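Good morning, colleagues. Please have the display open while I speak.

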Amino acid sequence: MNKIIPIIKNNKSIALLAPAFPIDFAYPNIIGMLRALGFDQVTELTYGARMVNWHYVDYIKNNPDQELYIASPCPNVVAFVKAQYPEYAKYLMPIVSPMLATARIYKQHHPDSKVVFISPCFAKQSVEAPLHKEFIDEVITFTELKQIFEEEKIFAEDYDRDYFFDSFIREFTKVYPVSGGLGNTAHLNRYFKTGEIVITDTVPKIKEALEEIKSGKKKYRFLDVLNCKGGCIGGPAIFNKDYSTEHRESIIKKYIIESSEHNLGTHEGTVEYAKDVDLGVQL
């Protein structure tokens, strides 16, 4: 038996689904499958992502003269900048990732529940979550979840019905796992001039952007960067590995359209849910 099963079944538990989940799991079947596994609540990270966006905008407005801002949701990017470009570490946005934002908000409302993040990324499991054990109780990858479903004999075709995420969702941040999703949904182009925002992914391209800044070749001011090709949709713990980046993007876009009216109304998180929740972080 996987170690996660007793945690889910013996406690009140909340599943936080990384927004890249449609790459590997059918919607809305996955909601019913996770509840069958024992989760009391199932939600996306879309609400946490929206709160992160608001904090990014507030930070930029309050620090308008800062030379550079580097997006920090990706633990691999944070580690890379600290290790390879320590002089730029001070420009990492001091704001939590959508995973941690959602977990902190949920823990405030459900302090006795176990929070389990379901991730396409090994770094969330091995690097970020262990630093925040008071908010994230466990992280399992998409690949691990697939294996757990097989062991527990939970199959998507048995959950081909209408299921709804529990509250704390926002619709338009479903695009967050695609490279550029943060900057686009936070509308950061309102705060920077043309050419000051760079959207890119993978270490070589991030390194190239930083070198251009270092040499004075480019005047970038906001780096919207992620470690994996295409963004989190290219995470190494995704099990449909033969999908191209373009196909993965199309899956996310199709999901956004199909789910656009499925979870609104009482299922949509309001700003009050995050009231007094600290979304700052020491990087």
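This is a predicted model: local features need pLDDT of at least 70, side-chain atom pairs count only at pLDDT 80 or more; totals for chains, interfaces and linings use all residues.

Let us remain with helix H2, which spans residues 29–37. Of its 9 residues, 7 are buried, and the helix is thus described as mostly covered. The buried set consists of Asn29, Ile30, Ile31, Gly32, Met33, Leu34 and Leu37. Among the elements covering them are helix H1 (4–9), strand E1 (13–17), strand E2 (41–44), strand E4 (114–119) and helix H7 (142–151).

Two packed helices are described by the angle between their axes and the distance between the axes. For H2 and H7, the axes come within 11 Å and cross at roughly 65°, and the crossing is left-handed. On the H2 side, the residues that meet H7 are Ile30, Met33, Leu34 and Leu37; on the H7 side, they are Leu145, Ile148 and Phe149. Leaving aside residues up to four places away in sequence, Leu37 touches Ile5, Ile8, Lys9, Leu145, Ile148, Phe149, Glu152 and Ile154.

Several of these names return in the largest nonpolar core, which has 74 residues. The members that touch the most other members are Phe21, Ile30, Leu34, Leu37, Leu145, Phe149 and Phe222. Helix H3, residues 46–62, gives the most to this core, with 8 residues. Apart from it lies another core, of 20 residues, which includes Leu68, Ile206, Tyr220 and Leu226.

I turn now to the strands. Strand E5, residues 138–141, is covered on both faces: Glu138 and Ile140 are buried on one side, Val139 and Thr141 on the other. E5 pairs with E4 in the parallel sense over 4 bridges, and Ser119 stands opposite Thr141 of E5. Between the two strands the chain passes through H6, and this β-α-β crossover is right-handed.

A further sheet, an open one, has 3 strands in the order E3-E7-E6, with parallel pairing. Helix H9 lies across E3, E6 and E7, at about 150° to E6.

Ser72 sits in the loop between strand E3 (69–70) and helix H4 (75–84). Is Ser72 buried or exposed? With a relative accessible area of 6%, Ser72 is buried, because buried here means under 20%. Not counting residues up to four places away in sequence, its contacts are Tyr56, Val78, Met93, Ile95 and Leu283.

Val78 is also one of the buried residues of H4, together with Pro75, Val77, Phe80 and Val81. The buried residues of H4 pack against E3, helix H6 (122–128), helix H9 (203–215) and strand E7 (222–226).

Note on methods: Residues are numbered from 1 along each chain as its sequence is written. Side-chain values use heavy atoms; hydrogens and water are left out. Buried means under 20% relative accessible area, exposed over 50%, partly exposed in between (1.4 Å probe, protein chains only). Contact means heavy atoms within 4.5 Å. A nonpolar core is a set of buried Ala, Val, Leu, Ile, Met, Phe, Trp, Tyr and Cys residues joined through side-chain atoms within 4.5 Å. Two strands pair if DSSP finds at least two bridges between them. Axes are lines fitted to C-alpha atoms, for helices over the stretch in contact, and angles run from 0 to 180 degrees between N-to-C directions. A crossover is right-handed if, with the strands pointing away from the viewer, the path from the first strand over the helix to the second runs clockwise. A crossing is left-handed if the near helix is turned anticlockwise from the far one by less than a right angle, and right-handed if clockwise.
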